[in-house]
Amino acid sequence: MIALGLLVSGCAETGSGTASGSGADAARPAHGRRAGLQAPPARALDAYATRLRAAQARRVAAARRWGLAEVPLTPPPPPADKPVIKARKGFEVDGQKELGLPPVFTTVPTKDKVVFLTIDDGEEKDPAFLRMMSDLKIPYTAFLSDYLVDDDYGYFRRMRDRGITLNNHTLHHPYLPALSYARQKHEICGMQAVMKRQFGKRPTLFRPPYGNYDQDTLRAAKSCGIEYAPIWNEEVFVDHWEYREEDRDLHPGDIVLTHFRGREDWKGTMTDMIRRFLRTVTGKGYAVARLEDYL
């Protein structure tokens, strides 16, 4: 509409000079016109289209490079109004609302056809995985346990520097409900201190090991600065998926769990697992979004 308006306004006025004017007058644009007025918008649109084509070509090339027949779908922009996150029904603890405890949830309430990839513990440190996720521009959220990451904090710093959020999965990955409140607090707050020291920030997300927790767990987590305790609705392995729901399907806003694992534990690598994950979610019409954008 802008280009059309410019064209009409330019044609509506005629020049006031005569045909016998001097050469300088003949070269001057007709009265009311500004030379080249339409050119910048046209060039800008062309440049934008060129950038879009180049970006898509890079995505196609990256998908082929990592063995994907379909290009992963691009998620929508983060919601301007964040959804209200509540504890999933049946996943509350006594005093959940009264004490303002971090909610445990498996799905983010959204109509966006997105899922969230989360990866736990930190045992496997596969450089090919970092390259793959960077090439494909797939967001994910990591939950780290210190006893598995302390031999190579640098690997996770590289992850952080690529825009990945690193979160709390305790110091030693214990079964928390078996511990006293004080020991649970040590596991969670101790990992908060490690995260601050090694990665520069205390996270606000915490995942209890094995997805097990009690009121003491959430009270301790809150005291350590935790705001959310996401667990998962599906888990993906290198050779299969597992589902929480009876329909054995994905749903908008589902949180998907996997682990930092390699051939010692799986029949394949982390890049093999990501291929399985992306083939499934892309085939079902889902994009992978960044969990923190919805919180």
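## Helix α6 and its surroundings

α6 is followed by Gly-163, which has a positive phi, near 95°. The model described here is predicted. Within α6, the buried residues are Tyr-153, Gly-154, Tyr-155, Phe-156 and Met-159. These buried residues pack against several elements: α4, β3, α5 (146-149), β4 (165-168) and α7.

## Packing of α6 on α7

Helix α6 spans residues 153-161 and helix α7 spans residues 181-199; the two pack at an angle of about 75°, and their axes are 10 Å apart. Angles of 65 to 115 degrees count as roughly perpendicular, so α6 is roughly perpendicular to α7.

On the α6 side, the contact is made by Tyr-153, Phe-156, Arg-157 and Arg-160. Their partners in α7 are Val-194, Gln-198 and Phe-199. By type, the residues of this contact divide into 4 nonpolar, 1 polar and 2 charged.

## Helix α4

Helix α4 covers residues 127-136. Its N-terminal end is capped by Asp-126, with a side-chain oxygen 2.9 Å from the backbone nitrogen of Ala-128. Just after α4, Lys-137 has a positive phi of about 60°.

The buried residues in α4 are Ala-128, Phe-129, Leu-130, Met-132, Met-133 and Leu-136. Setting aside neighbours within four places in sequence, Phe-129 is in contact with Ile-119, Tyr-140, Tyr-155, Met-159, Phe-260, Met-270, Thr-271 and Ile-274.

In soluble globular proteins, nonpolar side chains tend to be buried together. The largest nonpolar core in this model comprises 44 residues, and Phe-129, Met-159 and Phe-277 have the most contacts inside it. Two or more residues each come from α3 (39-65), β2 (114-121), α4, β3 (141-144), α6, α7 and α9 (270-283). The most is given by α9, with 6 residues.

## Thr-141 in strand β3

Thr-141 is found in strand β3. Buried means under 20% relative accessible area, and Thr-141 counts as buried because its relative accessibility is 0%. The side chain of Thr-141 is joined to that of Glu-292 by a polar contact of 3.0 Å.

Apart from neighbours within four places in sequence, Thr-141 is in contact with Leu-117, Thr-118, Ile-119, Thr-165, Asn-167, Leu-291 and Glu-292.

The loop between α8 (215-223) and β5 (229-230) contains Cys-224. This residue counts as buried because its relative accessibility is 9%.

Not counting residues up to four places away in sequence, Cys-224 touches Lys-185, Ile-188, Cys-189 and Gln-192. Cys-224 and Ile-188 are 36 residues apart along the chain, and their C-alpha atoms are separated by 6.9 Å.

## The protein as a whole

The protein has 9 helices and 9 strands. Of its 295 residues, 46% are buried. Among contacts with a separation of 6 or more, 71% are between residues 24 or more positions apart.

Notes. Residues numbered from 1 in each chain as written. Predicted model: local features only at pLDDT ≥ 70, side-chain atom pairs only at ≥ 80, totals over all residues. Heavy atoms only, no water. Axes fitted to C-alpha atoms, helices over the stretch in contact; angles between N-to-C directions. Helix = DSSP H or I, 4+ residues; strand = E, 2+ residues; numbered from the N terminus. Parallel < 35°, antiparallel > 145°, perpendicular 65-115°, else oblique. Contact = heavy atoms within 4.5 Å. Nonpolar A, V, L, I, M, F, W, Y, C, P; charged D, E, K, R; others polar. Buried < 20%, exposed > 50% of the residue type's maximum accessible area, 1.4 Å probe, protein only. Polar contact = N/O pair within 3.5 Å; in protein donor to acceptor, adjacent residues only side chain to side chain. Core = buried A, V, L, I, M, F, W, Y, C linked by side-chain atoms within 4.5 Å.
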